[in-house]
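Work through the exercises below with the sequence and the 3D structure in view. Try each task before you read its solution.

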Amino acid sequence: MVPQTPQALGGLTATRTPPRMRRRASGSASHLPKRQNGAKFDLIFLADGVAAHTDDLKSLSRTDEWAVGFEPLTLLSALTMVTERIGLVATASTTFNEPFNLARKFASLDQISAGRAGWNLVTSSNPLELENFGNISQFAHQDRYARAEEFADVVLGLWNSWEDDAFLRDKESGLFFDPEKMHILGYRGRHFRVRGPLTVSRSPQGHPVVVQAGSSEAGKELAARTAEVVFTAQRTLPEAQSFYADLKGRLEKYGRHPDDLKIMPGVFPVVGRSETEAREKFEQIQSLIHPDVGLELLSNLSGGVDLSAYPLDGPLPDLSETERGKSRQQLIIDLARRENLTIRQLYETIAGARGHWQLVGTAETIANELEERFNKGGADGFNIMPPTVPGGLDDFIELVIPELRRRGLFRTEYEGRTLRENLGLKHPAHRPLTANPAARRPNNRSPDQPTGKGPSHAGGPTKEQSLMTTSTQPRPTLSALTIKPVAARIGAEIADIKLSGDLSDETIAAINASLLQHKVIFFRDQDQLTDIEQERFSKRLGNLVPHPTEHVRNGTTSILELDSSRGGRADAWHTDVTFVDAYPKISILRGVTIPEVGGDTVWSNTVAAYDSLPPALKATAEQLWATHSNAYDYAAQRPHASEADRRHYEEVFASTVYETDHPVVRVHPETGERSLILGSFVQRFVGYSKSDSEQLYALLQSHVLRIENTVRWRWRANDVAIWDNRATQHYAVNDYGDSARVVRRTTLDGDVPVSVDGRHSVTRKKLVRDAVTRAA
């Protein structure tokens, strides 16, 4: 349970204050947190804005909400001295801050409070705030979130600068810290370049809890990836259940569990000892709303639209989509249309609750509502927005909390000392950093960052990035491997090594680093590998994932056998399994039976293909999206395929039909490079006709197929090829007639691709073949 604590008098929008709300802000600054700590609330949440709303002085002069207030981190630092267990969460915008300073301030608050800090991550769209920071032009919504995603990556990376036990303070050895447990970030992105490390150590809870309040598509995606608590606004149970299921359902693709994120919708409770008393309180509050203030509030919540020219007792006009708070604008529009409210009725409805859930009643009726929403999958807790302070907050503490405790729904004592412990969030283990954490998000290469091949460019970690290792991810030592490049832009053979699941962590790290640099790596004479040992080795590089439609080889969990006698001839340029959203990141192929002549495989470097595009074509490609599917005109694409090949395609490969939209240019999650997602699974470009798609595809694919971007491998039995499926296409040359060719492949689970403007790939269709046939 979270009390939203106003920095001045309270949450009431009015011209005067009721008798129980005449305490000055300076007196409330320490009294209220002590009261909330004693009531065992989870945390105090301070909203914030960095501009006075001077565009409407009539409204501003009648409310303290948009004029003055404490800077949140300064206030919360002082409150650490008068509170013991309650969490301290401050709002700070990614639009008007720099990641290093913000990470340092919140980490300091986390240390001072002994692990009770949280950061409410927001973006800013108010033009008045922009003018205070020299940014007169307003950021587009998607640009704000692209910056926010990169900002969050930098902050989280900086909070991982030190391992939990890095600081030895050992008088005998003279070591203050263990240098092996300090990690340089070395971030280079579109918006930020931050070396690190952070100059604050980790706190008792690891790092501050990340909170977010965005409910737009971009906001929900950012929350699913980074947030641990989400504040949101839904007025009805079905809306709350839909939001809850949607957001929790997005966590899996980021490797997160539903319990890793707590959803806390806002609640505006007006509590009385009887229904009549509660209604009288509410009506008193409503009577205090001045039209100037109500109209200004409605204007802000509806996206900055000037509503002064419209009659107060008329309907809300049609509103164009805002670049400010998209989800809150939609909530206001939906409320007005659903309940047929006039402008006056609308601002009266949202003046106190700001569009959040509004409850008026006794402790029992309010507890009933909260219990239903909690038990029916609409919330993990609630952000309590008292109508008046301290009176409304006291009513909730004295009347509702005892009723919730009677039902076993609210604590009587804190579970722990840190905010994470009290929220039921796990301690964040110091996580290994990739060669560039920026690469987890789009736009992570700055315009002048070099590209190309070789260890000094984007193909491998920079000197700074090579320091980003942890005890769980050893520092890769490429010199420990015997590496011989096979072609200039792609491919290397690694000699004098036997692959197995028992290789050292250092060797595995070096293999992965070589793969990221060379895109495909080859190993001869791996006769020690059985199916089981191939899977054991593969799991050292990632999580095994079976093919979504093909049968797994008997006795294995994931191996796909490609037998030329049973349709296993992949003689089309492709990237593996791009018809699903999170297609494999790595493929590992072992030669079992190889023809005496022919049967080679050719790979192409799709990073080099992107880099070779002229600037105008790059710009076009970065805006394109393509629909990939495993349901295509097989006869047209494979005119020389055998009857066995055709039957295998229809009965197995296309047994379940997928359609997925991918960006044509994705950002690599480990290297930060941009690559082309094309290949034979592409059916069309989104928004283009079939004929235009074909011509555009041919133009882009021609850069993939340039001989300079390829490498050809002549197979021998027991060879192993490992390729980065996020940065390559490949083609199995079908030139061996009836000779036998059998290879066995494992694939490792990948991430959902991200475009350069921050959008994720989306699977649009998944239908079993019978359903497709019936539909036809």
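Contact means heavy atoms within 4.5 Å. Helices (H or I, at least four residues) and strands (E, at least two) are DSSP runs, numbered from the N terminus. This is a predicted model: local features need pLDDT of at least 70, side-chain atom pairs count only at pLDDT 80 or more, and totals for chains, interfaces and linings use all residues. Residues are numbered from 1 along each chain as its sequence is written, and side-chain values use heavy atoms, with hydrogens and water left out.

**Exercise 1. The whole chain**

Task: State how many helices and strands the protein chain has, and what percentage of its residues count as buried.

Solution: 
- Step 1. The protein chain has 23 helices and 29 strands.
- Step 2. Buried means under 20% relative accessible area, exposed over 50%, partly exposed in between (1.4 Å probe, protein chains only).
- Step 3. Of the 776 residues, 58% count as buried.
- Step 4. Now take the contacts between residues at least 6 apart in sequence: 80% of them join residues at least 24 apart.

**Exercise 2. Helices α13 and α14**

Task: Describe how α13 and α14 cross, and list the residues that meet.

Solution: 
- Step 1. Two packed helices are described by the angle between their axes and the distance between the axes.
- Step 2. Axes are lines fitted to C-alpha atoms, for helices over the stretch in contact, and angles run from 0 to 180 degrees between N-to-C directions.
- Step 3. The axes of α13 (residues 363–375) and α14 (residues 391–406) come within 9 Å and cross at roughly 55 degrees.
- Step 4. Angles under 35 degrees count as roughly parallel, over 145 as roughly antiparallel, 65 to 115 as roughly perpendicular and the rest as oblique. α13 and α14 are therefore oblique to each other.
- Step 5. Their crossing is right-handed. A crossing is left-handed if the near helix is turned anticlockwise from the far one by less than a right angle, and right-handed if clockwise.
- Step 6. From α13, Ala363, Glu364, Ile366, Ala367 and Leu370 meet Phe396, Leu399, Val400, Glu403 and Leu404 of α14.

**Exercise 3. Helices α7 and α8**

Task: Classify the crossing of α7 and α8 in the way used for Exercise 2.

Solution: 
- Step 1. The axes of α7 (residues 217–226) and α8 (residues 237–249) come within 9 Å, crossing at roughly 55 degrees.
- Step 2. So α7 is oblique to α8.
- Step 3. The crossing is right-handed.
- Step 4. Lys220, Ala223 and Ala224 of α7 make the contact with Phe243, Asp246 and Leu247 of α8.

**Exercise 4. Thr232**

Task: Locate Thr232, decide whether it is buried or exposed, and list its contacts.

Solution: 
- Step 1. Thr232 is in strand β10 (residues 229–232).
- Step 2. Its relative accessible area is 2%, so Thr232 is buried.
- Step 3. Set aside neighbours within four places in sequence. Thr232 is then in contact with Ser215, Phe243, Ile263, Met264, Pro265, Gly266 and His356.
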